[in-house]
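Hello,

The structure is below, and notes on two parts of it follow. Please read them beside the model.

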Amino acid sequence: MTADHQHGNDSPATRTEALEALLVKKGLVQSAAVDALVERYEQDIGPLRGARVVAEAWTDPAFRARLLEDGMPAIRELGFGDNTDAHVARLVVKENTDSVHNLVVCTLCSCYPWAVLGLPPAWYKSPAYRARAVREPRRLLAELGLDLSPDVEVRVWDSSAEVRYMVLPQRPRGTDGLGVEELTGLVTRDSMIGVEQL
Amino acid sequence: MTLPIRLDEDGAAAPPRENGELAFSAPWESRLFGLTMALVEAGRLDWEAFRGRLIGAIAAWEETARDEEWNYWQRWQEAFEDSLGAAGLVATPEIDRLTGQLAARPHGHDHPHGHDHHHEHPTENDE
């Protein structure tokens, strides 16, 4: 061996490059289409959609009722829920209250409500989060800076192939005068996963 | 693709994206994701079958490779390659061979510099 460090002979980056080259050569994908797709997921689809959904629910009780009844048709009313999540049967929205706090996880892999939150953050996919969200949610939340009163019941929702969950956080106090646009700006991605309160 | 509703890129309506964390930490991860979703959207890969393989790859890692640093997208890559093989689209030996060729390029060539819009993709030799 030389002192030369190993230069990632089989690095995932090189392997992915090979995969793309082979798929392009076989006519299965076009690089430009992949560019467009990645851009769509990274830029067009993001937690901003979910934030808008939450703000609508805070300001429109009828919409809130429809959203809690069945999430996907409700978000389509806002023009979301295109083919991004076409393979997902249901979006279930869980409402936080003074006595119930909801937390979303996917214990098996990384299922996540793409249509409203975009792509999941790295920590959501980590083994630690996936295991601890179910085993010790209260302690996990405390470590993430959310100390819940013992009176508050924590409900953990494990995503599946058929059902994706999103949390409807509680509207912050002192926001009575704000409109949908301003409220949208207050809603964070983490609050819609349930690891933060607003 | 354009959204039916235009939302502000910045200002009051923007923070959720800004205070979010990047889903990808390296260009190859987003590339891999894009390749997978392109095939799913084109109907060439079955999403549920892929997801099943991803679950299997993650579970296998968690049961064994504790000394290796966790990387979600490497598990995704395994699941993707398995799916390609099972669908008869790309076989693992083909991937191994081209990966080896690409890795043998002169130093510096296998570092992706951000985007590869104008990147000439090499193909296998003599074909």
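**Helix packing in chain B**

Helix H2 (residues 27-41) of chain B packs with helix H4 (residues 72-86) of chain B at an angle of about 30°, their axes 10 Å apart. Axes are lines fitted to C-alpha atoms, for helices over the stretch in contact, and angles run from 0 to 180 degrees between N-to-C directions. From H2(B), the contact takes Glu29(B), Leu32(B) and Thr36(B); from H4(B), Trp73(B), Trp76(B), Gln77(B) and Phe80(B) (contact: C-beta atoms, placed from the backbone, within 7 Å).

This is a predicted model: local features need pLDDT of at least 70 and side-chain atom pairs count only at pLDDT 80 or more, while totals for chains, interfaces and linings use all residues. Residues are numbered from 1 along each chain as its sequence is written, and chains are lettered from A and ligands numbered from 1 in the order in which they are written.

H2(B) is largely enclosed by the rest of the structure, because 12 of its 15 residues are buried (20 or more other C-beta atoms within 10 Å of the residue's own; exposed means 12 or fewer). Among the buried residues are Trp28(B), Arg31(B) and Phe33(B). Gly43(B), with a positive phi near 80°, follows H2(B).

**Helix H8 in chain A**

In H8(A) (residues 127-135), Tyr129(A), Arg130(A) and Ala133(A) are buried. They cover an arc of only 100° around the axis, so they lie on the same side of H8(A). Pro127(A), Ala128(A) and Arg135(A), on the other side, are exposed. The buried residues pack against strand E2 (100-105), helix H7 (122-125), helix H9 (137-143) and strand E3 (153-158) of chain A.

Regards

Terms used. Helices (H or I, at least four residues) and strands (E, at least two) are DSSP runs, numbered from the N terminus. Two residues are in contact if their C-beta atoms, placed from the backbone, lie within 7 Å. The arc is that of the directions from the helix axis to the C-beta atoms.
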